[in-house]
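Me: I'd like to learn how to read aromatic contacts in a model. Could you walk me through some?

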Amino acid sequence: MAASGDEVKLLGAWASTYVIRAKIALQLKGVSYEYLEQQLWENQSELLLKSNPVYKKVPVLIHNDRPICESAIILQYIDDVWAGTGPSILPSDPYERAIARFWARYIDDTWLSATIKIIKVNTEKEKAETIEQSFAGLSLLEEAYEKSFKGKPFFGGDNIGYLDIAFGSFLCWVKAIEKISDVKLIDEAKFPLLAKWAERFGSVAAVKEHIPNTDKLVECYSKQESLSQIKGGVFNEMNQPSLIISFRVIIKAKVEKKKVETIEQSFEDSAYEKSLKGKPFFGTDNVRYLDIAFRYFLCWVKMIEKISWVERLSSIKVVKEHIPQSDKLVEFYSKVLKPMRNASAPKQLI
């Protein structure tokens, strides 16, 4: 149970695989919480926009007025905060924990996107190709289960854990996709270990309570008004990072006004100023996770700054008058410089 005085809320959408993950984890830990159903595509609540201003999507766990976003992060947070209650979600061994995170990321980034395409493609050829892609991913997961998890009933061992929740939360949509597309994905003949695992996972009390009915999911997909909800967060909980998009627009913007507006937008995020209280790094007094994650992109920031300088320089009239055209330089190289270089090159290099 949540500690005395703890206030826990979960912002979600009933058909979202990512929200299902959070619900299962909270149930496993015995945490009491208030569930608040959200509209994802339009009329988003002020609470959602305030709690997840970056992606504006669910799930969002709010613990004592502090929001935590993204299902993978929420699972880890729940496991850490309520470590003393219920089974552990993440493995205690660092290597096993890393492996579980790897496969969960693979499911989200690769297998999930391939499987969803089965109900989105337009031709039978495309459908067959996406089914094969999904099968290829399931083969890898079957092999990983056999080799790495040594005959245990779940990926997490004797009890469901992080990878079970990450993969298992999508099983309800697997059944819906099978019904919509008339194809069997987790086929016992093809993937006997995964098929048995799926049966065991679905029979766990903490899971059964939060898995939507297959027919209801099919109906959700079929209705145009509900399709917008699917696009808004049932199958994806993050947009492409807005800062990266801003930098791309800065490079490509041909109108100076658009460039200036985008530069201003890129400075809008003030997490460092608001949350980290003037410390020298995002990680407080020392370089930590977020500093390292952000640092890799700074080289591109410097490149963008140089591109902007080149564009400003090239726009000056006196410079433009004396800078040869790129096509003429290419032609000059091909007709003059290259033959000269070849003629003077050592014979063994000709």
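Me: Let's start here: are Tyr-145 and Phe-155 buried or exposed?

Reply: Keep in mind that this is a predicted model. In it, Tyr-145 and Phe-155 are both buried.

Me: What describes a pair of aromatic rings?

Reply: You look at the distance of the centres and the angle of the planes. This structure has 11 aromatic pairs. Take Tyr-145 with Phe-155: their centres are 4.8 Å apart and the planes make 70°. Planes over 60 degrees apart count as edge-to-face, and that is how this pair is classed. Tyr-145 belongs to helix 5 (residues 124–148) while Phe-155 is in the loop between helix 5 and helix 6 (162–168), so the contact ties together parts 10 residues apart in sequence.

Me: And how are the rings of Phe-167 and Trp-197 arranged?

Reply: That pair is stacked, because the planes are at 15°, and under 30 degrees is the cut-off for stacking. The ring centres lie 4.9 Å apart. Phe-167 sits in helix 6 and Trp-197 in helix 8 (residues 192–203), so this pair links distant parts of the chain, 30 residues apart. Both Phe-167 and Trp-197 are buried.

Me: Which residues do ring pairs link into a cluster?

Reply: The cluster consists of Trp-111, Tyr-145, Phe-155, Phe-167, Phe-170, Trp-197 and Phe-201.

Me: Where does the charged end of Lys-216 sit?

Reply: Over the ring of Trp-14, at 4.5 Å from its centre. You can look at Lys-23 too: it lies over the face of Tyr-35, 4.2 Å from the ring centre.

Conventions:
Residues numbered from 1 in each chain as written. Predicted model: local features only at pLDDT ≥ 70, side-chain atom pairs only at ≥ 80, totals over all residues. Heavy atoms only, no water. Phe/Tyr/Trp six-rings, centres within 6.5 Å; stacked < 30°, edge-to-face > 60°. Helix = DSSP H or I, 4+ residues; strand = E, 2+ residues; numbered from the N terminus. Buried < 20%, exposed > 50% of the residue type's maximum accessible area, 1.4 Å probe, protein only. Lys NZ or Arg CZ within 6 Å of the ring centre and 35° of its normal.
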